[in-house]
Amino acid sequence: MSDPFELTGKVALITGGTKGIGLAIARLFVQRGARVLVCGRDVETGRAGGESSGAVFHAADVTAESDVRGLIATCFDTFHGLDILVNNAGPTDLLHTRDTDGPIGEVTPASWHQVLDRTLTSAYLTTHHAMDLLVRSGSGVVVNISSIAAAQAMPGFDVYAAGKAGLEALTRSVAAGYGHLGVRSNAIRVGTIAVDHGDQNMQLLPSADEAPDAWRRATPPAAGAAEDVANAALFLASPASKYVTGSVIPVDGGLGARSLMPWQTPRPQERAWVC
């Protein structure tokens, strides 16, 4: 019986694949036999990431259509096709500055376009220009990396939340519109992931000592790892998920399942086993 998680013979393109979650996905896909092309804006980081993961690196800003055209052309020239597109690139650097996104009454039109371009327009451009190759594959797959911000309020990240919600809507539209041509489209809704972006900003949830009710926030309350998202991406990219399309899979440690109001009863405790 063949391994349903095997990617041998498949070609994958991962945007923002030079560090963090994207790099973890690239490494896992290569390990599973895929030929992988990753892109990013930083050439030095990209080359290092490509070398460490076994992927081919191409410098590209996926908010620029000319760069995306060049990226898809490089994919075809190098691998003669495309089977898997992972839209992972996002506005992480803009969110960390905390002076671009914000409350809708304070965000400037320029900032709105900048964050939305990185969050949603980039996925449109890559999917748009890659679609012919994905259809030609006969079993093309699109995996979009979304965020819990698409489903739960994150005050102060209004543009990012709107972009990720739009990305999940686009995921469903592509699944419904291109399914008859053999293309599947799914998304991963990511929660708190401990990723070193080079600025030591890991964005972890508070520990129980720092926040007495932290246990209600996720199960377990600790942040996940980039590899947790990569494993979900492998499932969605591989034949293991051949009957899954138009879905959004949470990889959030239970954040999406937390109660909206404090419990009125004590926290559940383990009980003694009674035969």
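User: How many helices and how many strands are in the chain?

Analyst: The chain has 7 helices and 9 strands. Helices (H or I, at least four residues) and strands (E, at least two) are DSSP runs, numbered from the N terminus. This is a predicted model, in which local features need pLDDT of at least 70 and side-chain atom pairs count only at pLDDT 80 or more, while totals for chains, interfaces and linings use all residues. Residues are numbered from 1 along each chain as its sequence is written, and side-chain values use heavy atoms, with hydrogens and water left out.

User: Why is Asn144 called buried?

Analyst: Buried means under 20% relative accessible area, exposed over 50%, and partly exposed in between (1.4 Å probe, protein chains only). Asn144 has a relative accessible area of 3%, so Asn144 is buried. Asn144 lies in strand 5. Not counting residues up to four places away in sequence, Asn144 touches Asn87, Leu167, Thr171, Ser185, Asn186, Ala187 and Ile188. Contact here means heavy atoms within 4.5 Å.

User: What makes His80 count as exposed?

Analyst: The relative accessibility of His80 is 60%, so His80 counts as exposed. His80 sits in the loop between helix 3 (65–79) and strand 4. Its backbone also stands out: His80 has a positive phi of about 65° although it is not a glycine.

User: Why is Asp93 called partly exposed?

Analyst: Asp93 has a relative accessible area of 36%, so Asp93 is partly exposed. Asp93 is placed in helix 4 (residues 92–97). Leaving out residues up to four places away in sequence, Asp93 touches Arg41 and Arg118.

User: What share of the chain do buried residues make up?

Analyst: Of the 275 residues in the chain, 43% are buried.

User: Which residues have the most contacts inside the largest nonpolar core?

Analyst: They are Ile25, Phe29, Val36 and Ile188, in a core of 32 residues. A nonpolar core is a set of buried Ala, Val, Leu, Ile, Met, Phe, Trp, Tyr and Cys residues joined through side-chain atoms within 4.5 Å. Two or more residues each come from strand 1 (11–15), helix 1 (20–31), strand 2 (35–40), strand 4 (84–87), strand 5 (141–147), strand 6 (184–190) and helix 7 (226–237). Helix 7 gives the largest share, 8 residues. A second, separate core of 22 residues includes Ala89, Leu134, Val142 and Val174.

User: Which residues is Ile188 in contact with, leaving aside its neighbours within four places in sequence?

Analyst: Ile188 is in contact with Val143, Asn144, Ile145, Ser146, Ser147, Val229, Ala232, Ala233, Leu236, Ile249 and Val251.

User: Why is helix 1 called roughly parallel to helix 2?

Analyst: Helix 1 and helix 2 (residues 43–53) pack at an angle of about 30°, with their axes 9 Å apart. That makes helix 1 roughly parallel to helix 2. Angles under 35 degrees count as roughly parallel, over 145 as roughly antiparallel, 65 to 115 as roughly perpendicular and the rest as oblique. Axes are lines fitted to C-alpha atoms, for helices over the stretch in contact, and angles run from 0 to 180 degrees between N-to-C directions. Leu23, Ala26, Arg27 and Val30 of helix 1 make the contact with Gly49, Ser52 and Ser53 of helix 2.

User: What makes helix 5 roughly parallel to helix 6?

Analyst: The axes of helix 5 (residues 109–137) and helix 6 (residues 158–178) cross at roughly 15° and come within 8 Å. Helix 5 is therefore roughly parallel to helix 6. In helix 5, Trp112, Val115, Leu116, Thr119, Leu120, Ala123, Tyr124, Met131 and Val135 take part, and in helix 6 Val159, Tyr160, Ala162, Gly163, Lys164, Gly166, Leu167, Leu170, Val174 and Tyr178 meet them.

User: Why are helix 3 and helix 5 called roughly parallel to each other?

Analyst: Their axes cross at roughly 25° and come within 8 Å. Helix 3 and helix 5 are therefore roughly parallel to each other. Helix 3 contributes Glu65, Val68, Arg69, Ile72 and Phe76, and helix 5 contributes Leu125, Thr126, His129, Ala130, Leu133 and Arg136.

User: How far apart are Thr74 and His58 in sequence and in space?

Analyst: Thr74 and His58 are 16 residues apart in sequence and 7.8 Å apart in space, C-alpha to C-alpha. Thr74 is in helix 3. Leaving aside its neighbours within four places in sequence, Thr74 is in contact with Leu37 and His58.
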